[in-house]
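Today I shall present the surroundings of two ligands, taking each in turn.

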Amino acid sequence: MAIPDSELIFNKDGSIYHLNLQPDHISDTIITVGDPERVPLVSQHFDSIETRIHKREFVTHVGYYKGKRLTVISTGMGTDNIDILLNELDALVNIDFVTREARPQEEHIALRIVRVGTSGALQADIPVGSHLVTEHAVGLDSLMQFYPLVETGLEIEVATGVQQALALDYRPYCVRGTDLLREQLGAGMVVGNTLTCPGFYGPQGRVLRLDLRRPDLIEQFQNFRHESAEGEFRLTNFEMETAGYYALGRMLGHEVVSLNAIVANRATGEFATNSDAVMHDLIAKTLDRV
Ligand code: R1P
Ligand code: URA
């Protein structure tokens, strides 16, 4: 069945609504970053750049790195943008733009999507300046209130445990990422469990002029533990997108991994003085491994 004009929206040039891209623009491997100014920091390493397109916070460069075609796209902040990013990227490869129909399952194309972002550590033993690859993501945001995400028993237990520990009115969601991509891209990095928050200040326990409903939020994040046959689970870091990537990646059939440059540590109160260098190193590592 053809998807209606109001749901699959094209611009006048035939590109998809927010990303402004056409199917032949993108490569199978896509590096994503939050900050639009980080896009040229990645593409400056390319041998050549064939496409530069932008709309709103979505800046895209496509080119070749050591002979491999790569795309880098900025997303802005928050899982609401990841909803747009993943649905529109998926449409570019898995929906026929002429018939407006989803391609059959046997023609499914799986993208490899690598998030390269900044993050704050929750635990004292994860120093600023380190690189962390996300194994499980726990989403405190509301995106999965709207999709039928299927979680494993362990994921449900962890998410329910976080709900109880924080006395939340709703159950967060928990998703383990793609093992192969995590092992390939995250070799030698700290392996962690990332909490995705629907904000940078209150939802991450930061107080400027507003008091929090839960003054001990950071301690609750830090002290959360879940014991299972797989060992002890703790939350290691937080940011604002990873759980959205992992959940939508699973549902849409794409391989996704989140790589985090740890620029803050909320246990020690530090912020990296060399955060640009920490990100620069993470970009270099990502390009060499991807
Ligand atoms: C907050 O400062 C932003 O930084 C992190 C968070 O997820 C949020 O988007 O990621 P990026 O550095 O990729 O934007
Ligand atoms: N990004 C976040 O969302 N939180 C931090 O503490 C640092 C980067």
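**The surroundings of the two ligands**

I begin with the shell around ligand 1, which by class has three nonpolar, three polar and four charged residues. Please bear in mind throughout that this is a predicted model.

Which residues make up that shell? Ligand 1 is surrounded by Gly34, Arg38, Met77, Arg115, Gly117, Thr118, Phe200, Glu239, Met240 and Glu241. Strand 7, residues 112–121, provides the largest share of the shell, three residues.

Several polar contacts can be named here. Arg38 places a polar side-chain atom 2.8 Å from an oxygen atom of ligand 1. For Arg115, a polar side-chain atom lies 3.1 Å from an oxygen atom of ligand 1. Gly34 takes part through its backbone, with a polar atom there 3.2 Å from an oxygen atom of ligand 1. On its own, ligand 1 has 340 Å² of accessible area, and the protein covers 86% of it. The space that ligand 1 takes is the largest pocket.

I turn now to ligand 2, which also sits in the largest pocket. Its shell has five nonpolar, four polar and two charged residues. Strand 7 gives the most to this shell, with three residues, while strand 13 (237–239) and strand 14 (255–265) each supply at least two.

Which side chains make polar contacts with ligand 2? Gln204 has a polar side-chain atom 2.8 Å from a nitrogen atom of ligand 2, and Arg206 has one 2.6 Å from an oxygen atom of ligand 2. Taken alone, ligand 2 exposes 240 Å², of which the protein buries 92%.

Notes: Residues numbered from 1 in each chain as written. Chains lettered and ligands numbered in written order. Predicted model: local features only at pLDDT ≥ 70, side-chain atom pairs only at ≥ 80, totals over all residues. Heavy atoms only, no water. Near = heavy atom within 4 Å. Polar contact = N/O pair within 3.5 Å; in protein donor to acceptor, adjacent residues only side chain to side chain. Areas by Shrake-Rupley, 256 points an atom, 1.4 Å probe, with all protein chains shown as cover. 1 Å grid on protein atoms, 1.4 Å probe; cavity = no way out; pocket = protein on both sides within 12 Å on 5 of 7 lines; lining within 4 Å. Sits in = over half its atoms within 2 Å of the grid points. Helix = DSSP H or I, 4+ residues; strand = E, 2+ residues; numbered from the N terminus. Nonpolar A, V, L, I, M, F, W, Y, C, P; charged D, E, K, R; others polar.
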